[in-house]
Amino acid sequence: MSTERIYLDWNATAKLLPEARATLLEGLDLAGNPSSVHREGRAARAAIEKARRQVAELVGADAAHVVFTSGATEAANSVLTPDFRMGRSPVRLGGLYVSAIEHPAVHEGGRFPADMRTEIPVSADGVVRLDALEDLLRKHDADAGLPMVAIMLANSETGILQPVADAAKIVHAHGGLLVVDAVQAVGRIPVSLEALEADFLIISAHKIGGPKGAGALVSRGETLMPAPLIRGGGHEKGHRSGTENIPGIAGFGAAARFAANGLSERNARIAALRDRLEAGMRAAAPDVIIHGESGDRVPNTTAFTLPGLKAETGQIAFDLEGIALSAGSACSSGKVGESHVLKAMGRDPRLGALRISLGWDTSDDDIDRAIAAFAKIAGRRKQTGAAA
Ligand code: PLP
């Protein structure tokens, strides 16, 4: 067995794809400003428009409806606002309904003040409760303005898929807008804005093998758009000002192209590896709790709790074994807090969960080593009766 480090934290960020790296480097050498009309400017513009088509294709959208941002967090803050526009006329939304398991980028509610935000509960299986959504929207005060609903497509901690297409029907029946954070779903399952009938989609380059610092807000139309978060020179058709991040956007496009091609073969292989990993973990420690095991999940993610092992202790133990994984609720500081996702599922949030997430270069050998490390850490837990 190899002693090389094993990267199993692809949901935190994916490895940069060689083709995204090459395209990014080409973008660095484009001298022009995409807003300039000279040849250099036009070459830079062409790189951005190519990426726009590639990103649109990945999510079944119209390229004209892709607004590039600095990442998913910015895309979320752009769209989650009560201040919308229909053409030049302002439109005020009446409230935000956000699922309890959203990533903080969405869960924080963007520019909606706290008194305009309501949480949608999830079931014990980690799935957004559509009955509760229906109930909330029925009680929504339509005079205050139309409601906005935010539900992610795949949960970042557990990988559990959410019934977004069904939610869209409910939201639209109540005249609302649906925002879908598809950050952890794109490149893992087929995603189509049209099929989902979502009004807005949020995606991020670095989760699919593109560079960090690029993302997009994709809309189904242009009739109703959020008042821009970043104002200035009117770039991105006035939706996001600032000279475009050409290398980042070009690299994003290359990653989107990779993600869209050969998805089903790649994911069948990854799903088989994940299933083998879970079977190996179960054999080594029958008391392991695999979150969302029986439901629909993205194929690359497994979130588990080993009773008696604290998440942060487990994370360090795996790191010492040469394996990078994450404690599901690690926040930006790297400190592990209580998981709001487990809490929303009615589990003891102090238990914490470890998350293993796989990517396109995860090998059989990586899984063998992960199972061996898991068995060692789980065994040590038994001997000491506590965390390793
Ligand atoms: N949404 C989800 C589900 C995520 O997993 C992440 C990143 O962890 C984000 C949003 C934020 O993405 P970005 O790093 O591009 O701001």
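This is a predicted model: local features need pLDDT of at least 70, side-chain atom pairs count only at pLDDT 80 or more; totals for chains, interfaces and linings use all residues.
Next, show the strands. Seven of them form an open sheet with mixed pairing, in the order E2-E10-E9-E8-E7-E5-E6. Strand E2 (66-69) and strand E6 (117-120) are the edges, each pairing on one side only. From one strand to the next, the twist averages 20°.

Strand E5 (residues 95-99) pairs with E6 in the parallel sense, over 4 bridges. Then select helix H5 (residues 130-139), which lies across E5, E6 and E7 and runs at about 155° to E6.

Now select the ligand. Around the ligand are Gly71, Ala72, Thr73, His103, Met152, Ser156, Asp181, Val183, Gln184, Ser204, His206 and Lys207. By class, this shell has 3 nonpolar, 7 polar and 2 charged residues.

Show side chains for three of these residues:

- Threonine 73: an N or O atom of the side chain is 2.6 Å from an oxygen atom of the ligand.
- Aspartate 181: an N or O atom of the side chain is 2.6 Å from a nitrogen atom of the ligand.
- Glutamine 184: a polar side-chain atom lies 2.8 Å from an oxygen atom of the ligand.

The ligand taken alone exposes 390 Å², and the protein buries 85% of that.

Methods:
Residues are numbered from 1 along each chain as its sequence is written. Side-chain values use heavy atoms; hydrogens and water are left out. A residue is near a molecule or strand if one of its heavy atoms lies within 4 Å of it. A polar contact is a pair of N or O atoms within 3.5 Å; within protein, one must be able to donate a hydrogen and the other to accept it, and residues adjacent in sequence count only if both atoms are side-chain atoms. Accessible areas come from the Shrake-Rupley method with a 1.4 Å probe; for residues, only the protein chains shown count as cover. Ala, Val, Leu, Ile, Met, Phe, Trp, Tyr, Cys and Pro count as nonpolar, Asp, Glu, Lys and Arg as charged, and the others, Gly among them, as polar. Two strands pair if DSSP finds at least two bridges between them. Helices (H or I, at least four residues) and strands (E, at least two) are DSSP runs, numbered from the N terminus. Axes are lines fitted to C-alpha atoms, for helices over the stretch in contact, and angles run from 0 to 180 degrees between N-to-C directions. Contact means heavy atoms within 4.5 Å.
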